[in-house]
Amino acid sequence: MEGLSLTTIGLGLIIIGAGYGIGRIAQSAMEAMGRQPEISSKIQTAMIIAAALIEGAALFAIVVALMKG
Amino acid sequence: MGLLTPDPGLVFWTLITFGLLVFLLKKFAWKPILHALKVREETIEFSLAAAEKAKAEVQDLNIEKEKIMNQAKADRDELIKEARELKQNILDEAKSKAQIEADKIIVSARSLIEREKNEAIQEMKHKVAELSVDIAGKLLEQEMEANDKQKAIIDRYLQEVNFN
Amino acid sequence: MRHIKQVILVLVVLFSTQLIYGADAHKDDASEEFDPMEMIMHHIADTHEWHVISYTNGEGHKVNITLPLPIILIYQGQFNVFMSSAFDHGHKVVKKGDVYYKLYHEKIYVTDADGTIHYDDHHNVKNAKPWDFSITRNVGSMFLSVLLLLWLFISAARKYGSTPSTPKGLQSFLEPLILFVRDDIAVAQIGKEKAGRFMPFLMTVFFFIWINNLIGLIPFFPGGSNLTGNISVTMLLAMITFLITNFSGTKSYWGHIFWMPGVPVPIRILLSFIEFIGLFTKPFALMIRLMANITAGHIIILSLFSLIFVMKSVAIAPVSILMGLMMFMLELLVAVLQAYIFTLLSALFIGMAVHEEEH
């Protein structure tokens, strides 16, 4: 891994995408919890599941990038 | 990537160890713990329900007691009222009876007095007549002697006369 | 207290003789160039000996005290068991029967008597590899965690009598955790009636991952091994979840995967393809997520401390230590969070599989 390889750039892109997505999920979940604190545990579970799905896709991409790179 | 290549030896040992761990913990830890927790929860739930029931029963009893108390109070008030009325009646009756008796006594006393009075007057009339006769007799006897003497005799006799 | 003494006694008896045996003054050049990449990779990977401590003795020699671990090899029907000290940290070739074994970059290869390693064009080793069932550092660390878990939970379980009582001591520490896994993970995702069947697995996997994450964070012997950051371990755990999920799948679960009700036929075909792929990507993500999170944590902490030696300056040490401390705090959170997420997602997949359609 010398210098700035395409793999590194790809990994950065993956992180940007996944980070943005998970950030949006967290934001929406927080707002929803603020509006309806009584069902916050349900919202939290849904948030973790959605975040995990995005994270799964991102991890998949990371693995592919590392294998090809 | 070496990091992403599974090592069969480690997979094998993990399978053995993890499998054994699940088995042992299931047998000696999870089963007794989860069972005990369930029993405890059920006991607590049961106790709470029993307490709630007991509370409701106490409440019912209280209401019942209140009702009985109120009834008793009402009964007592009724009794007292009746007793008062009875007392009043008895008193009134006694008073009126006493009045009547007194009136009767007075009437009879009056009639007795009247009768006695009449008798006394009658007696006095007899006595006066007798005395008059006596006095007249004596006067006649003394007529001849002195007027003063006569007068004194009359006074004396008159003094002896006792109207009673 | 009595139990702790017993555990320590067993450990001491197990390891004491070998510790002395393993201590040797190796004639490495103490002033060799520090390579953080190699150090980190060595730490992250599995090893065949358990490094206890290193120091430089009075004569400038580096002394490595290591705990030799049993090597178990199967090659061409030949079954060999010997201690890893026979390799002398990869400097010696071990002859068993008529096969020579060499330890090269923590992998065991079959070589000739001189221990020659052949490479192909991509610098990959061409030598034959025996089946390696050695008790490596990770396996040893796993045994340790299992002993710890068994001791913790069995001694806690013994305190639960036949009549309900208030929890005391260890019990009152573990009970909220057990209740958390039971109520907030298992029952919440699977449902009250069906959760009981999967409870032992979910409980065990949660505490197994958590305690191994924590043991991995202990920076000295016998901690520090990267067990839950090893793909073999996470693969096996994810595979168990995958098998449990698909073997307990109901009719409606399979119906939703292969013939989604309520959508047009072309989309059904497309969906069934996606759902079928999803069957495998879900446990795959479980496997990678745990491994990547834990390994990344180890790499970051080690990199922060490597800074001191790369910069060759004491001045960087306070920064390094402060940031390392912060990372440690974060990793403590990650340790429980990853155990939670792994268990939660396992419960969720199982819950989806056992869900009965009511319409």
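I count two residues as in contact if their C-beta atoms, placed from the backbone, lie within 7 Å. I note also that the model examined here is predicted.

**Entry 1: B:Phe18**

I began with B:Phe18, which touches C:Phe208 and C:Leu236, leaving aside residues up to four places away in sequence. I located B:Phe18 in helix 1 of chain B, which runs over residues 8–142. Is B:Phe18 buried or exposed? I found 20 other C-beta atoms within 10 Å of B:Phe18. A residue with 20 or more such neighbours counts as buried, so B:Phe18 is buried. I then looked up B:Ser47, which is 29 residues from B:Phe18 along the chain. The C-alpha atoms of B:Phe18 and B:Ser47 are separated by 40 Å.

**Entry 2: chain B as a whole**

I recorded two helices and zero strands in chain B. Chain B has a radius of gyration of 62 Å, whereas the globule rule gives 15 Å for 164 residues. The value for chain B is well over that of the rule, so the chain is more spread out than a compact globule. I noted that the C-alpha trace of chain B spans about 195 × 30 × 25 Å along its principal axes. Of the 164 residues in chain B, 8% are buried.

**Entry 3: where chain C meets chain B**

I looked up the contact between these two chains and found 36 residues from chain C and 30 residues from chain B. Which elements of chain C give two or more residues to the side that touches chain B? I listed strand 9 (131–132), helix 3 (137–158), helix 4 (170–190), helix 5 (195–217) and helix 6 (231–247) of chain C. Helix 3 of chain C gives the most, with eleven residues. By class, the side of chain C that touches chain B divides into 26 nonpolar, seven polar and three charged residues.

**Entry 4: C:Ile44 and its helix**

I placed C:Ile44 in helix 2 of chain C. With 19 other C-beta atoms within 10 Å, C:Ile44 is partly exposed. Not counting residues up to four places away in sequence, C:Ile44 touches B:Leu3, C:Asn226, C:Gly229, C:Thr295, C:His298 and C:Ile299. The C-alpha atom of C:Ile44 is separated by 28 Å from that of C:Gly60, 16 residues apart along the chain.

I next examined helix 2 (residues 36–44) of chain C against helix 8 (residues 265–311) of chain C: their axes come within 10 Å and cross at roughly 145°. The crossing of helix 2 of chain C with helix 8 of chain C is right-handed. Helix 2 of chain C contributes C:Pro36, C:Met39, C:Ile40, C:His43 and C:Ile44 to the contact. Among the residues from helix 8 of chain C are C:Thr295, C:His298 and C:Ile299. I sorted the residues of this contact into seven nonpolar, five polar and no charged.

**Entry 5: chain A**

I consulted the UniProt annotation (unreviewed entry), which assigns "domain: V-ATPase proteolipid subunit C-like" to residues 9–67 of chain A. Over residues 9–67 of chain A I read 93% helix and 0% strand, with the end C-alpha atoms 14 Å apart. UniProt (unreviewed entry) also places "transmembrane region" at residues 6–26 and 46–67 of chain A. Residues 6–26 of chain A are 100% helix, and their end C-alpha atoms are 30 Å apart. Residues 46–67 of chain A are 100% helix, with end C-alpha atoms 31 Å apart.

Finally, I found nine residues of chain A in contact with ten residues of chain C. The side of chain A that touches chain C divides into six nonpolar, two polar and one charged.

Terms used. Residues numbered from 1 in each chain as written. Chains lettered and ligands numbered in written order. Predicted model: local features only at pLDDT ≥ 70, side-chain atom pairs only at ≥ 80, totals over all residues. UniProt positions renumbered as here; feature names shortened; annotations may be inferred. Helix = DSSP H or I, 4+ residues; strand = E, 2+ residues; numbered from the N terminus. Nonpolar A, V, L, I, M, F, W, Y, C, P; charged D, E, K, R; others polar. Axes fitted to C-alpha atoms, helices over the stretch in contact; angles between N-to-C directions. Left-handed = near helix turned anticlockwise from the far one by under 90°. Rg over C-alpha atoms; globule rule 2.2 N^0.38 Å. Buried ≥ 20, exposed ≤ 12 C-beta atoms within 10 Å, placed from the backbone.
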